[in-house]
Amino acid sequence: METAALIVVLVIALALFFDFTNGFHDTANAMATPIATGALKPKVAVGLAAGLNLVGAFLSTEVSKTVSHGIIREDQISASHVDFLPLIFAGLVGAVVWNMLTWLLGLPSSSSHALFGGLVGATLVGFGVSGVDFGVLLSKIILPALLSPLTAGVIAFIVTRMAYAMTRRYDGKPDGRSGFRWGQIFTSSMVALAHGTNDAQKTMGIITLALIMAGWQDKSHADPHIWVIFACAFTIAAGTYLGGWRIIRTLGKGLTDVKPAQGFSAETSTAATILASSALGFALSTTQVASGSVIGSGLGRRGSKVRWGTAGKIAVGWLLTLPAAGLVGALAALIVRWLPTWGLLVDAVIALVIIIALFLRSRRDAVTAANAMSDVAESGMAVKVKKNPPPTRRQRAIIREQERLKAEEKARRKAEERERERRRADEEARRRAEKKAKAKADAKKSSDEKKKSDAKKKADAKKNADAKKKADTEARKKADVAKKSDKKKSTAGKGGK
């Protein structure tokens, strides 16, 4: 019994450490987009996400029931359920190692699938296929994993279309939709809340499963104990607050070119999808949902281009997480089987060495809030926004209207210029006509004055000529009188002799 208690304590400790890694591993799903668009400062974003993860962990236990009473068939396992506790520990080793490795590489993998993969791999090694309920695994894990990115992408596409349709009046303004940054604070908060309702429940389910296997909880009692809820809630919140800056840097890359309206739409879709799935008990990967939403919002905005090659690589990474974590969990379970007494301790030591080694390796190129800048991300790279995207129909209509107004203005200016030219020509013609008329009047006046002068001169000349003629006549008369007088005198003198 003491051995079982020790194993349960080790399982709970490792499960809480996984919960801690889940917190900083998936922080980027909620906060990479608002950090990238400038809606929130990095430290404010992770602080907000931590608080809402804590709240979300208390809102639902449906996903916890799926993990503790769904995937593993407790009735098919041996009578001594204590034998299964080391296998739970082995499954957690697979999940934690894969989480730490992808965190070091900055890969946005699924913590949920890492957990399920490690648990299923360990169960298959320990008890074969009879220990796993593949119906639940298919219906509540695999199918949601395939459908959730598509569903989130469709919702994000529709919301993005609606957002741009309702704000068409801002088409001609480069920052006209920056108000969506305020909306992103709300939507990213909802994503963080949804993350708490889904991911924190998975660790609760693992701990509840361990308690059931140890006989410390009735298997008919599906809900986790209140102390389990508190422990998981505070642990994932602590991991979130520390911030998975490597993942944030990865997911933030490329999102700098994604407009606030797209970020708002993607986060709305992510939150809606995760909250609905949590209510139905589906254990989703928030990474897959967030990435699907980013791609959907990129398709919804005219001018965005989806790099399907990159999206395919992301999908391959998703598909590898479940089997890779399952393989690590299976190897850890083999060690437990081969070394019944010391196997668990060997697994613990190996896991501790790997975790410390990965952590020390991460210190060589530490990523913090100061250098986790938004450049280009694996999921963000799936969407490329052109610097000069082609205009939308609304923008084309605005451009046509602007061109029409410009043409009308140009025609009006030309008409006004022609009217001014005509008026100038008329004024010039009027001035020339007045000048010509004045010159003609002056010439006529001068001619009249000359004629008058000539007539006066002629009259004066005639008068002078008449006066001269009269004077000559008078002179001749006087001469004739004098001549006659002289002749008389002469005659009178001859007669006197």
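Student: Which residues is Leu 85 in contact with, leaving aside its neighbours within four places in sequence?
Tutor: Leu 85 is in contact with Ala 4, Ile 7, Val 8, Val 11, Ala 210, Met 213 and Ala 214, once those neighbours are set aside. Contact means that heavy atoms lie within 4.5 Å. This is a predicted model, in which local features need pLDDT of at least 70, side-chain atom pairs count only at pLDDT 80 or more, and totals for chains, interfaces and linings use all residues. Residues are numbered from 1 along each chain as its sequence is written, and side-chain values use heavy atoms, with hydrogens and water left out.

Student: And which residues touch the most other members of the largest nonpolar core?
Tutor: They are Phe 84, Leu 85, Ile 88, Leu 92 and Ile 207, in a core of 59 residues. A nonpolar core is a set of buried Ala, Val, Leu, Ile, Met, Phe, Trp, Tyr and Cys residues joined through side-chain atoms within 4.5 Å. Buried means under 20% relative accessible area, exposed means over 50%, and partly exposed lies in between, using a 1.4 Å probe and protein chains only.

Student: Which elements give two or more residues to this core?
Tutor: They are α1 (2–37), α4, α5, α6 (134–166), α7 (180–213), α8 (226–242), α12 (308–338) and α13 (343–362). Helices (H or I, at least four residues) and strands (E, at least two) are DSSP runs, numbered from the N terminus.

Student: Which one gives the most to this core?
Tutor: That is α4, with 14 residues. There is also a second, separate core of 7 residues, which includes Leu 40, Ala 45, Ala 49 and Leu 52.

Student: How many helices and strands does the chain come to?
Tutor: The chain has 14 helices and 2 strands. Of its 497 residues, 46% count as buried. Among contacts between residues at least 6 apart in sequence, 88% join residues at least 24 apart.

Student: Back to α4, then. At roughly what angle do the axes of α4 and α5 cross?
Tutor: The axes of α4 (residues 85–105) and α5 (residues 111–127) cross at roughly 145° and come within 7 Å. Axes are lines fitted to C-alpha atoms, for helices over the stretch in contact, and angles run from 0 to 180 degrees between N-to-C directions.

Student: Is the crossing of α4 and α5 left-handed or right-handed?
Tutor: α4 passes α5 in a right-handed crossing. A crossing is left-handed if the near helix is turned anticlockwise from the far one by less than a right angle, and right-handed if clockwise. The residues that meet include Leu 87, Ile 88 and Trp 98 in α4, and Ala 114, Leu 115 and Phe 127 in α5.

Student: How many nonpolar, polar and charged residues does the contact of α4 with α5 have?
Tutor: The contact has 11 nonpolar, 5 polar and no charged residues. Here Ala, Val, Leu, Ile, Met, Phe, Trp, Tyr, Cys and Pro count as nonpolar, Asp, Glu, Lys and Arg as charged, and the others, Gly among them, as polar.

Student: What about α6 and α11, at roughly what angle do they cross?
Tutor: The axes of α6 and α11 (residues 286–300) cross at roughly 35° and come within 7 Å. The crossing is right-handed. Among the residues making the contact are Ala 152, Gly 153 and Arg 161 of α6, with Gly 292, Ser 293 and Gly 296 of α11. By class, the contact of α6 with α11 divides into 7 nonpolar, 9 polar and 1 charged.

Student: New topic. How many aromatic pairs does the structure hold?
Tutor: The structure holds 3 aromatic pairs. Rings of Phe, Tyr and Trp (its six-membered ring) pair if their centres lie within 6.5 Å; planes under 30 degrees apart count as stacked, over 60 as edge-to-face and the rest as tilted.

Student: Why is the pair of Phe 17 and Phe 20 stacked?
Tutor: The pair is stacked because the planes are at 25°, with the ring centres 6.4 Å apart. Both residues lie in α1, 3 residues apart, about one turn of the helix. Phe 17 is partly exposed at 28% relative accessibility, and Phe 20 is partly exposed at 22%.

Student: And how far apart are the ring centres of Phe 230 and Phe 234?
Tutor: The centres are 6.1 Å apart, and the planes are at 15°, so this pair is stacked. Phe 230 and Phe 234 are 4 residues apart in α8, about one helical turn. Ring pairs link Phe 58, Phe 230 and Phe 234 into a cluster.

Student: Last one: is Ser 189 buried or exposed?
Tutor: Ser 189 is buried, at 12% relative accessibility. Ser 189 is found in α7 and touches Leu 48, Leu 52 and Gln 184, not counting residues up to four places away in sequence.
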